[in-house]
Each structure stands twice: as C-alpha cells, then as structure tokens.
Amino acid sequence: MPRISELREGERFDGFFRIREYGERETRNGKKYLDLVLEDRSAALPAKVWEAGEQVLGVIEQGDFVKVRASVESYRGALQLRVQKIRKVIDEDFEEGFSPEDCVEQTPFDIDSMWEEIRQIALACHPLVGEFLISVFDPYEEKFKTWPAALRIHHPYLGGLLEHTLSVTKTCLYLADKYDVSKDLLIAGAMLHDIGKVDELSASGGISYTEEGRLLGHVVLSRDIVRDRAKQFGKLPEEFLLHIEHMILAHQGQLEWGTVKVPMTPEAMLLHYADDIDAKFNLVVRTIELDRGDEPFTSRNSIMQRSFYKVRPFLPLASEGEPGPEPSSVSDPSVSDSSSGDVSGDDLGPPVPDPDSGSP
Ligand SMILES: [Fe+2]
Ligand SMILES: [Fe+2]
C-alpha cells in the first residue's frame with residue numbers, strides 16, 4: 001500500500017491511516033461532509049469525505065485507525081484526498097498488512113540516538129549545568145522522546161520535540177564557538193526552551209492542546225518546569241537561573257509572535273534565531289516536499305506569504321567534467337502538511353533528514 005509521501009495526483013488507492021484531525025462540516029447546500037487530516041508514518045494529508053452517511057458520521061473519530069479508499073486531487077496547488085470509502089480497521093486488516101505503528105507520523109531520526117546525543121551534550125557542559133539539565137530531562141524521558149513539537153506545523157509528529165530541541169541545541173553549539181557568549185548558558189537555554197511542550201500538548205489519541213497548554217502556553221510552562229526543578233536542585237546560581245528563565249520567556253523573539261519578553265541578552269538573541277532558523281527552514285522544506293505539482297514554484301504558503309522555487313541548483317562534477325545529477329525538486333519522503341498556523345518560531349518545521357546522519 002502506498003505511503004502518503006509517495007502519492008501523486010490522480011492516483012487511486014486503498015490504504016490504512018490514522019485520523020489526525022476530524023471535523024464535521026456542511027456544504028453551502030447544507031450537506032454534511034467530513035474534513036479530515038489523515039496520517040501515516042511518512043506524512044499527513046487533508047482528506048474530504050463528501051459522501052458522509054450514517055455509517056460514518058459519529059462512528060469514526062479523531063485518533064481512529066481507518067481503512068480508506070481514496071483518490072488524490074490537487075486543490076489550490078496542494079494535494080488532498082477525496083475519500084470514497086472509509087471505515088475503522090478490523091482484526092482481519094492485520095492480515096492485509098495493517099500495523100498501527102505505520103499509521104502514526106514520526107521523526108525520521110532514531111529516537112534513542114537523539115536522546116543519547118542530547119544527554120551527552122548536557123554532560124559536556126559545566127558539571128553543575130550538566131547535572132541540572134539531566135535532572136530536568138530524565139523525569140520526562142518517556143514524554144520527551146515521543147512528544148510532537150506542535151499540533152500542525154512544526155515537527156507535528158512523534159519524536160518531533162526531541163528532534164527540534166536537538167537541532168536547535170546543535171546550532172547553538174556552533175554559535176557558542178563562533179561568538180563570545182556563555183556556552184553553558186546558551187546550551188542550557190536551547191535544551192530547555194520548549195520543555196513545557198510536554199505539558200502543553202497531549203499526544204494520546206491524536207495531538208491536541210491540554211487545558212493548561214491553551215491557557216498558559218509552553219513558554220510559561222517551560223519556565224515553570226525549570227524554576228520548580230531549580231528550587232529542588234538548589235545548587236544553580238540565582239543569576240544563572242535568571243538568565244535561563246529570560247531565554248525561555250524571550251525565545252519567540254517578537255511580541256506579535258507571542259513572546260513574553262523580547263531577547264535582552266546575547267544568549268537569548270542567539271537562541272531566538274537558532275529556534276527561528278530551525279522552524280522556518282523546515283517550513284520551506286515541508287512546503288516544497290508536499291507540493292508535487294509540475295510547476296517550478298509551490299503554491300503560495302500562507303504562513304510565509306510566498307511561493308517557493310522547487311528547482312534545485314545544478315553544477316557539473318568538478319573533478320571529471322561529468323554532468324551532475326539531474327535538477328530535481330527537493331524530495332524526501334518524510335514530510336507532511338504545513339499549510340496553516342502562526343509564525344511564532346515554534347510552530348514551524350523540522351530540519352531536512354540527512355540520510356547519512358543519524359540525527360538532525
Ligand atoms: Fe517554543
Ligand atoms: Fe522551539
């Protein structure tokens with residue numbers, strides 16, 4: 001059965017998916033239809049069930065695993081599915097190849113390797129900082145390894161929070177060597193800046209916001225976790241903790257992006273830009289990946305308010321004078337929907353998976 005990332009316009013197929021988002025809507029004529037987002041391991045796509053009869057309405061819901069017969073259409077330049085048949089999976093489907101793990105989008109990187117890498121970066125810090133970081137992370141190991149980083153746009157899949165945090169931390173490692181800043185502080189801020197997402201989001205039965213996530217947001221929740229843990233830890237200098245708290249509260253950078261404070265230290269500035277790069281770069285890649293039309297430009301991305309050019313640069317091989325690879329679109333199967341949301345620097349996407357690398 002085809003993966004979402006491999007689907008092309010015009011294709012008809014049967015497949016197993018999970019319902020990531022479920023909405024009942026009405027056409028102008030008052031006819032009910034379902035507005036879904038379906039996912040599998042590789043990606044997610046919007047899907048419409050125009051013929052939503054009694055056998056569907058109120059029977060399937062968000063988080064269900066379903067078998068679908070659908071065709072792939074293009075709507076305003078982006079792919080979506082027109083569903084002809086949909087039902088919950090049944091026991092016999094296992095014999096046909098259904099596997100729940102294949103129906104939940106997840107990071108293309110190895111989770112245990114990323115977890116180990118981020119712990120090693122923590123342990124390479126000043127001993128006090130390393131001990132503190134480990135003391136914050138370890139109680140959240142299970143959640144932090146599997147949590148998404150956001151509902152839709154920015155690493156919205158299992159393992160996304162870890163992938164994003166590691167990526168931002170590695171960018172900050174580079175920046176800490178390049179600029180004259182406190183490396184321990186910058187790394188601590190990078191590793192902790194989104195820790196509150198473990199409380200902001202729920203990943204059971206589909207990704208959704210928790211009540212405290214909606215009412216408080218991950219910026220404040222991150223600061224709460226760090227502050228509470230620092231009290232128990234008791235060894236972190238107050239001034240150092242104050243800097244970390246400021247970096248968390250300022251990491252979204254601009255007031256219109258939901259930041260509590262604008263960055264007022266060198267480390268807070270660098271963290272904000274590292275976070276923003278990771279988010280925006282991923283948005284570009286995901287937008288290009290999802291757009292499988294033949295045009296050289298993607299359809300207009302509503303968040304970045306522009307189209308992106310899909311044709312890759314081309315040079316002949318320098319050593320042999322042989323032609324290089326054919327120009328092609330940036331293509332990687334591990335992408336998903338990136339069509340809505342705010343530009344907070346937090347709700348934007350992942351780094352390009354590098355097949356030669358085990359982590360972002
Ligand atoms: Fe954030
Ligand atoms: Fe972030």
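Strands β3 (residues 44-49) and β5 (residues 78-88) run parallel and are joined by two bridges; strands here are DSSP runs of E with at least two residues, helices are runs of H or I with at least four, and both are numbered from the N terminus. Two strands count as paired if DSSP finds at least two bridges between them. The model is predicted, so local features need pLDDT of at least 70 and side-chain atom pairs count only at pLDDT 80 or more, while totals for chains, interfaces and linings use all residues. Residues are numbered from 1 along each chain as its sequence is written, and chains are lettered from A and ligands numbered from 1 in the order in which they are written.

Five strands close into a barrel in the order β1-β2-β3-β5-β4, with mixed pairing.

| Pair | Sense | Bridges | Residues opposite |
|---|---|---|---|
| β3 and β5 | parallel | two | Lys48 and Arg82 |
| β4 (residues 65-75) and β5 | antiparallel | ten | Ser71 and Arg82 |

Helix α2 (residues 111-123) has 13 residues and reaches 18 Å from its first C-alpha to its last, close to the expected 18 Å, which is 1.5 Å times one less than the number of residues. Its buried residues are Met114, Ile118 and Ala122. They lie on the same side of α2 because they cover an arc of only 80° around the axis, taken from the directions from the helix axis to the C-beta atoms. Asp112 and Gln120, on the other side, are exposed. A residue is buried with 20 or more other C-beta atoms within 10 Å of its own, exposed with 12 or fewer, and partly exposed in between, C-beta atoms being placed from the backbone.
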